[in-house]
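Morning, everyone. Let's take a quick walk through one structure, with the picture up as we go.

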Amino acid sequence: MLDKLNDIQIPDKADKVVNSAIRRGRRTLVMRRTMCIMTSIFVFSAVLFGGAYASPAIAASLSKVPFVGSIFKEFSDEGIKAVKEKGLTKSLELEVTNGDATVAIKEVYYDKSRISLGLVVKGIKPYGETITDLYYGDRRISGAITGIINDQPDDLYYATFSADIPEDIPDKFDMKVVIGEDWGQGRKFEFMVPLDRTLANQETKQIYIMKEIETNEGTILIKKLQFTPSTTSIDYEFDKTSKEPKISLRISSPNNEPKVLEILTGTLDEDRSRDTYVACFKFEPVQDITNEYRVDIIGEDGEVITSIDIK
Amino acid sequence: MKTDVEKVIKAIKGSKSALTEIMHECKGDIYKIAYLYMKNEDEALEVLNEVVYKVCISIRKLKSPEYFNTWLTRITINIALNTLKKKKRVTENETQVSHEDISKFSIDERMEDNLVLKMDLMKSIDKLQFNEKTVIILKYFEDLTIPQIADTLSWPVGTVKTRLYKALAFLKSELDY
């Protein structure tokens, strides 16, 4: 069998490749040593001169879970990527270590449709077995949590979590976040995250419709359309005896071609008091909203159920 | 790959000449394993480049110099896998480590070596999935025992056996043996 391996000829170029890789490795080691020295000098100077200066770069380099770049930019849905581009998200360096596990909140976004957190997690595996609770004061406010989890080597996870939120919470407050292991050691990681959606509100529009539509599958009550910088969402209800309507949204305006919005996520809850299902579906945000546009609500068969003119 | 432990110790302590010597001694073995995965010269050299680079920047973290060969093999396999993934030539399913029931594979252990002797190994292993190919390479090209393979890949011994027998059963069916 080893003869078979010997049949593979080593090309002449292999020597050059090895030497080049060794040189590259040495350059990397020199750079790392230089960075280490520079960082040490900076930290020492900060301590020497009062220590009031807090550099995000230094904080990041001292982190147990350093991450270069943006979780939101790389591991999230199109809505969060859009608000990141617009500069509506906030960078944080909040980090909690419990035993050999560390959770860091690196970014946050807040608008009327959701709260999103960009997390780096080390030492909790599998990360999908944790529970994330959000609090306004003592009131637990997190509802549906959806996420994009990116599995990295060495027990590291990058994740964006988004939670639906009630309508009656303020535009600005400090939110308590508790991330807990649902198994194993049952460790908890607690944070206070400052939230402010003042800027996002400037690009938010809510339209209460409350219109009943008869379809082949039954009656749908279209309740609300909401446009935020990160999502376009529709709230509706339908009778339990009806088949669930699969709704899509198409946006058109005088200056833009009609566009069917891509769906991001959705929730479906039972309202037992009224024998209905309550649905909220979120789609990609509408970019460049002009003052006038039309929203077509389209059923599963491609037919327009109803149209709403927004002025 | 059998490397002088004294030389490895020197490299860990920072000796550039020791590290350079080790890498040139090992380059043939690294290249051959890379070639078995990548199946062409350019990509095998690409893997060789990355392996040498990775060893250079990480060797000081190696706590047990006597395990240098195991460590180097693991790096080679991981980099080959990452390269195949980037080129979309391997799927997630191929690289999952699952604990399958070994009893469903009917090959007789005693037939194993005879089977391997008779086949054109190079052609046949090309058809194996990544994990199974890795076990065959380590068992029949690197001449490792099953416990050594388990150690190299950080797999349970049972999983190594499962993969090995699954690979041999597949190869047996290929040959209509």
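Predicted model: local features only at pLDDT ≥ 70, side-chain atom pairs only at ≥ 80, totals over all residues.

One cut-off before we start.

Take Met210(A). The residue sits in strand E10, residues 205-215. Buried or exposed, then, is Met210(A)? Within 10 Å there are 8 other C-beta atoms, so Met210(A) is exposed. Its backbone deserves a look too. Phi is positive, about 50°, and Met210(A) is not a glycine.

Chain B has a residue with a positive phi as well. That is Lys39(B), with phi near 70°, and again this is a residue other than glycine. Where does Lys39(B) lie? Lys39(B) is in the loop between H2 and H3 of chain B.

Ile297(A) belongs to strand E17, residues 293-298. Its 22 C-beta neighbours inside 10 Å make Ile297(A) buried. Which residues does Ile297(A) touch, leaving out those up to four places away in sequence? They are Ile222(A), Ile234(A), Ile247(A), Leu249(A), Ile305(A) and Thr306(A). Look at Ile234(A) in that list. In sequence, Ile234(A) and Ile297(A) are 63 residues apart; in space, their C-alpha atoms are 9.3 Å apart.

Next, chain B as a whole. What does its secondary structure hold? Ten helices and zero strands. Of its 177 residues, 36% are buried. Now take the contacts in chain B with a separation of 6 or more. Residues 24 or more positions apart account for 67% of them.

Let's zoom in on H3(B), residues 41-58. The buried residues of H3(B) include Leu45(B), Asn49(B), Glu50(B) and Tyr53(B). Also buried are Ala44(B), Val47(B), Leu48(B), Val51(B), Val52(B), Val55(B) and Cys56(B).

What does H3(B) pack against? One partner is H2(B), residues 16-38, with the axes 8 Å apart and an angle of about 140°. That angle makes H2(B) oblique to H3(B). The crossing is right-handed. From H2(B) come Leu19(B), Met23(B), Lys27(B), Ile30(B), Tyr31(B), Ala34(B), Tyr35(B) and Met38(B). From H3(B) they meet Glu43(B), Ala44(B), Val47(B), Leu48(B), Val51(B), Val52(B), Val55(B) and Cys56(B). By class, that contact has 14 nonpolar residues, no polar ones and two charged.

Last stop, another pair in chain B. H4(B), residues 68-86, and H9(B), residues 146-153, have axes that come within 9 Å and cross at roughly 60°. These two helices are therefore oblique to each other. Their crossing is right-handed. Which residues make the contact? H4(B) supplies Thr70(B), Thr73(B) and Arg74(B), while H9(B) supplies Asp151(B), Thr152(B) and Leu153(B).

Conventions. Residues numbered from 1 in each chain as written. Chains lettered and ligands numbered in written order. Axes fitted to C-alpha atoms, helices over the stretch in contact; angles between N-to-C directions. Helix = DSSP H or I, 4+ residues; strand = E, 2+ residues; numbered from the N terminus. Parallel < 35°, antiparallel > 145°, perpendicular 65-115°, else oblique. Left-handed = near helix turned anticlockwise from the far one by under 90°. Contact = placed C-beta atoms within 7 Å. Buried ≥ 20, exposed ≤ 12 C-beta atoms within 10 Å, placed from the backbone. Nonpolar A, V, L, I, M, F, W, Y, C, P; charged D, E, K, R; others polar.
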